[in-house]
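The sequence and structure come first.

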Amino acid sequence: MTAPLRTRGRSDVLRPRAAGALVGITAVVLTAVVVSTPAVGADDQPGTKGYEQTARLTTVGKPLDLLVHPESGKLYVGSDAVAGTTGGSLAGVYVVDPASGNVLNWVKTSPGSTGAPAQLPGKRLVGPLPGDGVHYLVGLRGIAAVKDGDAAGRGGWLTGTTITQAKAGAKAGTVVVVRGTKLEEVTVGETSVTVERSLTLPAAGGPLAVDTAAGQIWVTDNTDSLLLRVGSADFTPDGKEIPLAAGAAVSFLEWDTEHGVLWAGRGTVLEAYDIATGKLAASFDAKPGDTIADVAVDPHSDRAFAVWQDWGNPPEEGDGVGQLAVYDTATLKDLDMGAELPGVNGQLGSSSVAVTPGGDSVFVASPSEASLTVFRAPVPPPPSESPSPSDPGSPSPSDPASPSPSDGTSEPSPGDSGPDADPTGSGTIVPVDGPTADGDSAGGTGSGGARTTTGGGSLDTTGDGSLASTGTDVLLPAAAGTAALLAAGTAAVLWRRRRATT
């Protein structure tokens, strides 16, 4: 979008021309202002910019967990009902096209505790199915499977202790769950879930991380502050342990298999442990009032995307603004490419994050706002090009756009609009309330004042439907934009005309 035009003010008393002459030169004046006024920051060198918010979807209920399928590329959203809404529950599992934001499928029905189907929340997305689809948790002990096109989830419930942690197993098609002190490997059938192998842990198990390629399972022992490794071949601990640094209990564990690093969320600290050395490699602290909610690792871009969630009660417990942070997984450094997350707090659930391969799109779920915010990777601006004297669209220095009486040229008549200045031209647009030099838009929300949109439709266009833009960037045809520009440019133009005749 073209940068906003700057006008030059002056305190001299202005003597306007006759109304007819002013109307006649309007088109020429606008052409001169557009060409001669330099864009704000045109000579500035582009710097490193962060991820920009491009959309906000409210069509997926209250999102509890996110997963981008590594093969199909589809975004899966496990959701709960939204409090205070009418028209029925929005709980279930949604399948979303990451490029457009369109909801491809909404699976409302899951296996209930008695075996009868029921509409239940997709509480946690366990992991991807081969080709497409996901395993997900239902209720206290249920595990189901679903893919795009399904009308209902299939699976069943375990008996006994509640499932507290679950991840896709190292063996294809299996799920690894933690239930108290039990680590179990289960298979999910059409109407049942079967425990295949079981291991008793030294203490109650915590968050899991599974490397399916290496056949390794890491389980957290928060009681003894350890990370324990279990081999998937014999489903027993292999003796490898990593002691945790002093701090809070681990709330989630994410494995970066590309660099051999385990990312652990621990309250107000995000830690990275090097598996080879068994030591803490890096740690990142929260700003006051924030806690770490989730991390998604993208091996294609060597980046880790973290959601820091505020507790939303300023000033006692924070400022109500969370953070999206981006880290280099090779150097374990903050890339300073993140964005603020206004309203993302932990009062109604934990936020989650997912990223498309290559890091082009990042999705942040906010249960507190019942929304899914979309961020796009920054695109470096193209190099600026100076107008060529031979360019027919550029005015020649020897051929001024606005003629003056001193050069013998007659005043334009009211019907004379000048060359290429037809205000009704179909290809001409005038920016109103456009971005500033740093790319921010007045009145915008999120990082960089990007447009905020809701619902299905294209994420990259305003379009129709619930993804229609609600931002403040507006493009008007030149005929309508003339009035907007006159307010800012008339004074400068009249002053220039007066100088030319005195």
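## The overall count

Keep in mind that this is a predicted model. In it, the salt bridges come to 12.

## A link across the chain

Start with K74 and D132, which form a salt bridge with their closest N and O atoms 3.6 Å apart. These two sit 58 residues apart, so to speak on distant parts of the chain. K74 is in the loop between β2 (62-68) and β3 (75-80), while D132 is in the loop between β8 (124-128) and β9 (134-138).

How buried or exposed is each partner? K74 counts as partly exposed because its relative accessibility is 22%, above the 20% cut-off for buried. D132 has a relative accessibility of 14%, so it counts as buried.

## A buried pair

Next up are R266 and E271, whose side chains meet in a salt bridge at 3.0 Å, N to O. R266 counts as buried, at 3% relative accessibility. E271 is buried too, at 4%.

Some salt bridges share partners, and that joins K147, D150, R154 and E190 into one network. Within that group, the side chains of K147 and D150 meet at 3.4 Å, N to O.

Technical notes. Residues numbered from 1 in each chain as written. Predicted model: local features only at pLDDT ≥ 70, side-chain atom pairs only at ≥ 80, totals over all residues. Heavy atoms only, no water. Salt bridge = Lys/Arg side-chain N within 4 Å of Asp/Glu carboxyl O. Helix = DSSP H or I, 4+ residues; strand = E, 2+ residues; numbered from the N terminus. Buried < 20%, exposed > 50% of the residue type's maximum accessible area, 1.4 Å probe, protein only.
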